[in-house]
Amino acid sequence: MDSSSVNRTTSHNLQNSSQAFLGETPVLKALKLTLYAIIFLISVVGNSLVCIVVARRRRMRTVTNLFVLNLAVSDLAITCICIPFDIPVQENNYKWPYGGFACKLIYPLQTAAMFASIFTLTAVSINRFWAIVHPLRKQMTKIHAVYAIIIIWILCIILTMPYAFVLRLDEMAMECNEYWPGINYRKAYTASLFVLQYLLPLVVITLSYLNIAIELQYCSNAKNSSVANAVLQNAHRREARKVVRMLIVVTLLFAICVLPNNVMWLWLDFGNGADYDHFWELIAFTNIILFANSAANPIAYTICHENFREEFRLYFTCDPRIFHSMAESTLSYTRSRLKSLTGTERTTTRSDTLEYGDILATDVKETVI
């Protein structure tokens, strides 16, 4: 259901879970901890680099990249809150060592970060849809993107407040448990999390990218007014496809990594999952897949876009050109913007600059990573 779902159990279920983990073989336990360590390392390094690249490179601070930055922050939050706090609880027979305040704080923060990830993916898909399918209408600016990100986090906190209210520390058993007024309340919250955190956002994202694909195909088949304009449009459409392809890959990774965990908790609350002898071993496996999504995103950026590949290479090799390239890119970006604003960059007519393809190309240029 969410990254904190490993804690969404009754005392009886916690006992079963504890027995399951106590029965782990040394090999299985070593494999689990090794996977957690690898995921943590890749996620922290990769997402930190994404934040540094977007924050320090002025030309990278576009609308799309601001959402990518927020996605990296969400992934860092999931990684740094989930793994370091969950592993000691699992290895301590599910005894909660962090106190009552942390019981109400840590797991809801994990859930909020997961909400932020999918809401960010939804927002960026809608932004790309609007920019490509409706290029002549008013577009989202960087200030609008910042406001959207703030609204996303506020909404995430609101949606996780019911979860925080029902979490309490059992000081006798030293366990952080949920205490719902009734089983139906818990089922309702489980179902609402699945719909709001998974099903509905993915429907919106799918419809957005389907419309983008149709629009790009239509533009490719449309006749162009001139050879020069056709070359410009084709170049920028290729860049648009790269960005959209990367975002689609990231969305698919989220859908694939989060689905197993959602299925397991729906099975527990609405089926007979608790009666299955190896249910908690499966939960441990689906949690690893869930956390792996945060490590997979920086890899997807690297594979799908050459700009990130180049930036990451410079940082990993400690290339001194990274500092020179930052200054150079800032100066180059400033000059290009001045040229575009003064109209000296191109010698085309006014009517030519307002053609559909050029507007699409300009939008793509401003949002390409």
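Start by selecting Met174, which at 33% relative accessibility counts as partly exposed, since the band for that class lies between 20% and 50%. The model on screen is a predicted one. Met174 sits in the loop between strand 1 and strand 2. Check its backbone: phi is positive, about 55 degrees, although Met174 is not a glycine. As background, most residues other than glycine have a negative phi.

Strand 1 covers residues 167-170 and strand 2 covers residues 175-178; the two run antiparallel and are joined by four bridges. Four residues lie between the strands of this hairpin, and Met174, with its positive phi near 55 degrees, belongs to the hairpin. To follow the pairing, pick Asp170 and look across to strand 2, where its bridge partner is Glu175. Then pick Leu169, which stands opposite Cys176 in strand 2.

Stay on strand 2 and show side chains. Which residues point one way from strand 2, and which the other? Glu175 and Asn177 take one side, Cys176 and Glu178 the other, and all are buried. The general rule is that side chains in a regular strand alternate between the two faces of the sheet.

Now zoom out to the whole chain. The protein chain has twelve helices and two strands. Read from the N terminus, the order of elements is α-α-α-α-α-β-β-α-α-α-α-α-α-α. Of the 369 residues in the protein chain, 48% count as buried.

Select residues 26-56 for helix 2. At 1.5 Å a residue, its 31 residues should span 45 Å, and the end C-alpha atoms are 44 Å apart, which agrees. Colour the buried positions of helix 2: among them are Lys32, Tyr36, Ile39, Ser43, Gly46 and Asn47. Further along helix 2, Leu49, Val50, Cys51, Val53 and Val54 are also buried. For reading such a list, an α-helix has 3.6 residues a turn, so residues three or four places apart point the same way.

How far apart are the axes of helix 2 and helix 3? They are 9 Å apart, and the two helices pack at an angle of about 155 degrees. Angles over 145 degrees count as roughly antiparallel, and helix 2 and helix 3 are therefore roughly antiparallel to each other. Their crossing is left-handed. By class, the contact of helix 2 with helix 3 has 17 nonpolar, six polar and four charged residues.

Helix 3 is mostly covered, with 21 of its 29 residues buried.

Within helix 3, select Ile83. Is Ile83 buried or exposed? Its relative accessible area is 7%, so Ile83 is buried.

How values were computed: Residues are numbered from 1 along each chain as its sequence is written. This is a predicted model: local features need pLDDT of at least 70, side-chain atom pairs count only at pLDDT 80 or more; totals for chains, interfaces and linings use all residues. Side-chain values use heavy atoms; hydrogens and water are left out. The expected span of a helix is 1.5 Å times one less than its number of residues. Buried means under 20% relative accessible area, exposed over 50%, partly exposed in between (1.4 Å probe, protein chains only). Axes are lines fitted to C-alpha atoms, for helices over the stretch in contact, and angles run from 0 to 180 degrees between N-to-C directions. Angles under 35 degrees count as roughly parallel, over 145 as roughly antiparallel, 65 to 115 as roughly perpendicular and the rest as oblique. A crossing is left-handed if the near helix is turned anticlockwise from the far one by less than a right angle, and right-handed if clockwise. Ala, Val, Leu, Ile, Met, Phe, Trp, Tyr, Cys and Pro count as nonpolar, Asp, Glu, Lys and Arg as charged, and the others, Gly among them, as polar. Two strands pair if DSSP finds at least two bridges between them.
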